[in-house]
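The following paragraphs guide the reader through selected features of a protein model. Please keep the sequence and the structure in view while reading.

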Amino acid sequence: MDKNTEVLVRYAADFRFEDLPAEVVHETKRKLIDTLGCALGAFHAEPCRIARAVARRSIGNPPARILGTQEKSTPELAAFANGAMVRCQDYNDSYLSSASCHPSDAWPAMLATADAIHADGKALIAGAALAYEVSCNFADVMPREQGWDNVFYDVVGSALGSAKVLGLNKEQMAHTLAFAIVPNVSLEQTRLGELSMWKGCAGANAARNGTFAALLAHEGMTGPQDVIEGQWGLWNLLGCQFEWAPFGGRGGPYRIAQTHLKFYPGVVHAQSPIGAALELHPQVSVENIESVDIETYWVARRYTKRDSPLWHPTTSETADHSIPYLVAAALIDGDITAATLAEDRIRDPKLLGLMEKISVHENAEFDAAYPAGWQCRIKITTKTGKRKTAHVKYFKGHVQAPLTDAEVEIKFRTLTANVLKPTQAEAIFAQAWQLEKLKDVGDLLALCVTKDAVNEGR
């Protein structure tokens with residue numbers, strides 16, 4: 001077993017709920033509520049409907065349920081269907097360091113595994129906190145935009161998190177890691193050009209494959225050795241070597257408490273621009289805008305080509321990754337919601353006309369401050385020559401400007417208003433905030449049934 005594999009699987013095998021500080025346990029529950037809200041809020045989206053249609057064709061032994069319904073599937077296909085819902089609206093949490101990831105993409109893997117074996121809340125909390133440690137540590141040590149999609153980090157996090165829920169030992173953890181890494185290198189081409197439905201399903205596929213990896217190891221399947229430092233392991237594929245950053249525990253911070261929640265649907269790099277645009281919304285009428293200049297960090301390089309789909313989105317997946325689109329919508333509407341990404345809204349001539357007045361520039365000072373701060377400054381020049389400026393250093397939901405527990409609940413209620421009854425939300429909160437006392441995670445998932453679920457599969 002190579003050194004980096006040894007370090008990782010030993011950490012995973014020794015990881016225990018009892019070692020987690022109370023504030024980390026609480027943060028894990030906040031992330032679960034946010035993730036469930038993201039999932040249920042996307043229940044009716046087309047990619048999610050497709051994923052559920054595929055999942056319901058198979059019944060597991062043991063089974064795991066599909067969120068929003070009480071239908072059962074295999075654990076891995078339930079993880080895929082549920083993951084598609086979590087990621088669909090680009091509303092789930094984010095972690096940015098050297099590279100980036102959406103560690104909550106791993107939640108569906110642990111939920112499906114816990115549901116299948118009737119695991120308790122403590123096992124789920126431990127599995128989730130471990131998954132965040134693994135996914136985010138990859139983001140700490142990997143270079144940015146190296147050609148791999150960041151969901152690769154989540155397949156490893158999903159796998160080891162699921163393995164923790166299953167109670168696997170160190171040797172089984174090593175096999176789980178092998179099954180997660182060797183077959184599942186994913187390409188960042190997923191996030192280039194006109195973005196497709198797969199953009200929101202790639203993380204779901206990571207959860208599916210992570211679940212499958214843990215189940216294989218649980219049954220006794222053995223995997224290849226030295227998957228990180230071996231001749232044809234990760235080091236070789238990357239063309240560089242890495243060592244894990246310090247993992248959480250023994251006085252060090254846990255990464256689940258260092259991830260950021262989103263208050264608006266859209267790519268994390270748009271959260272500060274959205275905040276700045278919303279600050280400016282009441283200060284200037286759209287009809288009086290002559291130009292809009294957006295200053296941000298290195299992400300501005302993605303907007304240098306005006307013929308890029310990011311300047312001319314035709315799908316919701318592209319629109320939620322377009323800073324110019326989201327800023328224009330915020331300036332016009334005074335809010336960003338799921339409706340902002342609807343097909344008819346994307347084609348709105350007024351919105352597209354305002355985008356023509358927008359420019360995006362890289363600011364060297366903002367580059368230097370990244371990733372501690374994700375700054376954005378927006379300068380609006382009016383047709384009468386007046387200038388309005390807004391500067392955001394930490395967007396709403398950043399760990400330096402965190403959502404309160406009440407705001408996490410508000411986000412959940414807003415997302416689920418059309419699919420859950422108000423009493424359901426309160427019942428879910430009551431279970432989730434007491435998750436460590438839950439004897440069977442399935443009791444929580446049984447509450448997550450949408451109003452329209454009964455008729456969908458017929």
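**A buried threonine, a helix pair and the cysteines**

T211 is buried, with a relative accessible area of 0%; buried means under 20% relative accessible area, exposed over 50%, and partly exposed in between, with a 1.4 Å probe and protein chains only. The model is predicted, so local features need pLDDT of at least 70 and side-chain atom pairs count only at pLDDT 80 or more, while totals for chains, interfaces and linings use all residues. Residues are numbered from 1 along each chain as its sequence is written, and side-chain values use heavy atoms, leaving out hydrogens and water.

T211 belongs to helix α9, residues 198-219 (helices are DSSP runs of H or I with at least four residues, numbered from the N terminus). Leaving aside residues up to four places away in sequence, T211 touches P75, E76, A79, A109, T113 and S162, where contact means heavy atoms within 4.5 Å.

Helix α2 (residues 22-41) packs with helix α4 (residues 75-87) at an angle of about 95°, their axes lying 6 Å apart. Axes are lines fitted to C-alpha atoms over the stretch in contact, and angles run from 0 to 180 degrees between N-to-C directions. In this pair, T35, C38 and A39 of α2 meet N82, M85 and V86 of α4.

The structure holds zero disulfides, a disulfide being a pair of cysteine sulfur atoms within 2.5 Å. For C136, the nearest cysteine sulfur is that of C101, 4.2 Å away. C136 counts as buried, at 0% relative accessibility. For C201, the nearest cysteine sulfur belongs to C48, at 6.9 Å. C201 is also buried, with a relative accessible area of 7%.

Conventions. Helices (H or I, at least four residues) and strands (E, at least two) are DSSP runs, numbered from the N terminus.
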